Amino acid sequence: MALWKITSKVNAVKKGQQLVKGMSVEIPTMGTSNPLGLVKYHQQIADAFNAKYAMHLDVFFVTGSYFECERID
């Protein structure tokens with residue numbers, strides 16, 4: 001099991017949602033692969049941002065273009 005910090009690396013507005021550089025969440029995963037590269041974790045990442053920042057981040061927003069990932073455990 002691994003714990004990851006997902007951080008926005010750009011300021012962006014997409015589909016009416018504003019993403020501010022530096023916004024971050026932490027998510028656990030069962031594997032050790034970068035969750036941004038695995039589609040099965042994209043909904044979990046979007047849900048974490050939605051819960052923490054009271055936004056409606058679409059799962060299609062979750063890409064390496066907007067976020068960076070760091071393993072923290």
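Q: Starting with helix α1: how far apart are F49 and Y53 in it?
A: F49 and Y53 are four residues apart in helix α1, so about one helical turn separates them. This is a predicted model, by the way.

Q: Is F49 buried or exposed?
A: F49 is buried, because its relative accessibility is 0% and the limit for buried is under 20%.

Q: What kind of aromatic pair do F49 and F67 form?
A: A tilted one. The ring centres of F49 and F67 are 5.0 Å apart, and the planes make an angle of 50 degrees.

Q: Which parts of the chain does that pair link?
A: Distant ones: F49 sits in helix α1 and F67 in strand β5, 18 residues apart.

Q: Is F67 buried or exposed?
A: F67 is buried, with a relative accessible area of 1%.

Q: How many aromatic pairs does the structure hold?
A: It holds three. One of them is F49 with Y53, which is stacked, with 5.9 Å from centre to centre and 25 degrees between the planes.

Q: Why quote two numbers for a pair?
A: A pair of aromatic rings is described by the distance of the centres together with the angle of the planes.

Q: Which residues form the aromatic cluster?
A: F49, Y53 and F67 make up one cluster.

Q: Let's move to the core. Which residues in the largest nonpolar core touch the most other members?
A: That core has 18 residues, and the ones with the most contacts to other members are I6, I27, I45, F49, L57 and F67.

Q: Which elements each supply at least two residues of this core?
A: β1, β4 (24–29) and α1 each do.

Q: Which one gives the most?
A: α1, with four residues.

Q: Why would such residues sit together?
A: In soluble globular proteins, nonpolar side chains tend to be buried together.

Q: What does L57 touch, skipping residues up to four places away in sequence?
A: L57 touches A46, F49, N50, V62 and F67.

Q: Cavities next. How many are there of 30 Å³ or more?
A: The count comes to one. The volume of the largest cavity is about 50 Å³.

Q: Which residues line the largest cavity?
A: The lining consists of K14, K15, Q17, H56, L57, D58, F60 and F61.

Q: Where is A54?
A: A54 lies in the loop between α1 (42–53) and β5 (67–71).

Q: Is A54 buried or exposed?
A: A54 is exposed, because its relative accessible area of 71% is over the 50% limit.

Q: What about the phi of A54?
A: Phi of A54 is near 50 degrees, which is a positive value in a residue other than glycine.

Q: Switching to T7: where is it found, and is it buried or exposed?
A: T7 is in strand β1 (residues 2–8). T7 is buried, with a relative accessible area of 15%.

Q: Which residues does T7 touch, not counting those up to four places away in sequence?
A: T7 touches G22, M23, S24, Y66, F67 and E68. F67 is also a ring of the aromatic cluster.

Q: Now C69. Where is its place?
A: C69 is in strand β5, and C69 is partly exposed, with a relative accessible area of 21%.

Q: Which residues is C69 in contact with, leaving aside neighbours within four places in sequence?
A: C69 is in contact with W4, K5, I6, N34, P35 and L36.

Q: How far apart are C69 and Q44?
A: In sequence, 25 residues; in space, 14 Å from C-alpha to C-alpha.

Q: Last one: where does I72 lie?
A: I72 lies in the segment after β5. I72 is partly exposed, with a relative accessible area of 35%.

Q: How far is I72 from A2?
A: The two are 70 residues apart in sequence and 7.8 Å apart in space, C-alpha to C-alpha.

Q: Which residues is I72 in contact with, again leaving aside neighbours within four places in sequence?
A: I72 is in contact with L3, W4, K5 and E26.

Note on methods: Residues are numbered from 1 along each chain as its sequence is written. This is a predicted model: local features need pLDDT of at least 70, side-chain atom pairs count only at pLDDT 80 or more; totals for chains, interfaces and linings use all residues. Side-chain values use heavy atoms; hydrogens and water are left out. Buried means under 20% relative accessible area, exposed over 50%, partly exposed in between (1.4 Å probe, protein chains only). Contact means heavy atoms within 4.5 Å. On a 1 Å grid over the protein atoms alone, a cavity is a set of points where a 1.4 Å probe fits but cannot get out, and a pocket is an open set with protein on both sides within 12 Å along at least five of seven lines; lining residues have an atom within 4 Å of a point. Grid points are joined across faces, edges and corners, and a volume is the space filled by probe spheres set on the points. A nonpolar core is a set of buried Ala, Val, Leu, Ile, Met, Phe, Trp, Tyr and Cys residues joined through side-chain atoms within 4.5 Å. Rings of Phe, Tyr and Trp (its six-membered ring) pair if their centres lie within 6.5 Å; planes under 30 degrees apart count as stacked, over 60 as edge-to-face and the rest as tilted.
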